[in-house]
There are 2 protein chains.
Amino acid sequence: MDTRERLIESARELLWERGYVGTSPKAVQQRSGAGQGSMYHHFRGKPDLALAAITRTADDLRGRAEAELSAPGSPIQRITTYLRREREALRGCPVGRLTQDPDVMADPTLRAPIEETFAWLRKRLTDVLAEAQRQGELDGELDLADTAAAFVAVLQGGYVLARAAGDAGAYTQAVDGVLGLLSGHVR
Amino acid sequence: MDTRERLIESARELLWERGYVGTSPKAVQQRSGAGQGSMYHHFRGKPDLALAAITRTADDLRGRAEAELSAPGSPIQRITTYLRREREALRGCPVGRLTQDPDVMADPTLRAPIEETFAWLRKRLTDVLAEAQRQGELDGELDLADTAAAFVAVLQGGYVLARAAGDAGAYTQAVDGVLGLLSGHVR
């Protein structure tokens, strides 16, 4: 990996672990093993490096979700696969956690990939739910955009529960809970 | 308000806005208007002040939840009131956001009130759901602890969606979504 890559990958890890406020240029430099000042050679500064890191993390998340949501299987099966995918619950969501970072939220450029990722995910789940409804797999009683928002929220909140409890099982419980609720609407 | 109180209240606000890593003793001192060094007069240091602040915030959250969950009305009505309560969605949850703080999670003393708050809340909601099931308001198909975890997760994740979208409406959609899902199990 060249220096630029190493800087981006180290920034991704640190942003996930410590957030934007808690990630210093010095820590990125140390973790990446890059020489002093090399961040300023490859990037205009911390926000510029963070943008590259956040964009890549957001693209990853979206790519994985799309692979599951467009896989073979019925719409509800695909949503179930997506929700049940093994996640590193105790580490939290590398995209969602940044919404708690006031400096990220205050910067429209840094916030954009986060906003777009969640907007895309909610829309994508809404579309798959609509498919389920058209095919008669889902009853006609649910508001699909609201249901999609609830699914995304359960995953994001599941991380909070897991970290609070120090137990990844709390995440699984939240996902099982929302799938149990969904079962009342599946034919 | 005396100095100790002002320090605690300022720490609560700053922890909510900026998290533990982003809250410096200097910022607490400035916001509280307390004199230099007064934090060290009243508290052993930042962790000690943070513990007082977190404990108070957690007690508040628990008190409000208990008031709604033990109010008059059927179990499902009480849960609905609790879930639909107007919250400052764009500010996020003052307790939940601390789970993203690596320094809080790594300190068993600071983490304890957060862990206890979520454990209590999940148990309390499980009990109210059990009431609903006994009274025949809820069908017998749901795992109640999982359902309770899903409810708490939707609230916590709703904050993430709201902050990502810059729109409190996203929080409301997630809550409406999970209540829509619940409706399939309510008689």
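## Helix packing in chain A

Helix axes are lines fitted to C-alpha atoms over the stretch in contact, and the angle between two of them runs from 0 to 180 degrees between N-to-C directions. In this predicted model, helix α1 of chain A spans residues 3–18 and helix α4 of chain A spans residues 46–69. The two pack with their axes 9 Å apart, at an angle of about 75 degrees. Angles of 65 to 115 degrees count as roughly perpendicular, and α1(A) and α4(A) are therefore roughly perpendicular to each other.

From α1(A), the contact draws on Glu5(A), Leu7(A), Ile8(A), Glu9(A), Ala11(A), Arg12(A) and Leu15(A). The residues on the α4(A) side are Leu49(A), Ala50(A), Ala52(A), Ala53(A), Ile54(A), Arg56(A), Thr57(A) and Asp60(A). By class, the residues of this contact divide into nine nonpolar, five charged and one polar.

## Annotated region

The unreviewed UniProt entry places a feature called "DNA-binding region" at residues 24–43 of chain A. Over residues 24–43 of chain A, the chain is 65% helix and 0% strand. The C-alpha atoms at the ends of this stretch are 14 Å apart.

## Relation of the two chains

Note on methods: Residues are numbered from 1 along each chain as its sequence is written. Chains are lettered from A and ligands numbered from 1 in the order in which they are written. This is a predicted model: local features need pLDDT of at least 70, side-chain atom pairs count only at pLDDT 80 or more; totals for chains, interfaces and linings use all residues. Side-chain values use heavy atoms; hydrogens and water are left out. UniProt positions are given in the numbering used here, feature names are shortened, and annotations may be inferred rather than shown by experiment. Helices (H or I, at least four residues) and strands (E, at least two) are DSSP runs, numbered from the N terminus. Angles under 35 degrees count as roughly parallel, over 145 as roughly antiparallel, 65 to 115 as roughly perpendicular and the rest as oblique. Contact means heavy atoms within 4.5 Å. Ala, Val, Leu, Ile, Met, Phe, Trp, Tyr, Cys and Pro count as nonpolar, Asp, Glu, Lys and Arg as charged, and the others, Gly among them, as polar.
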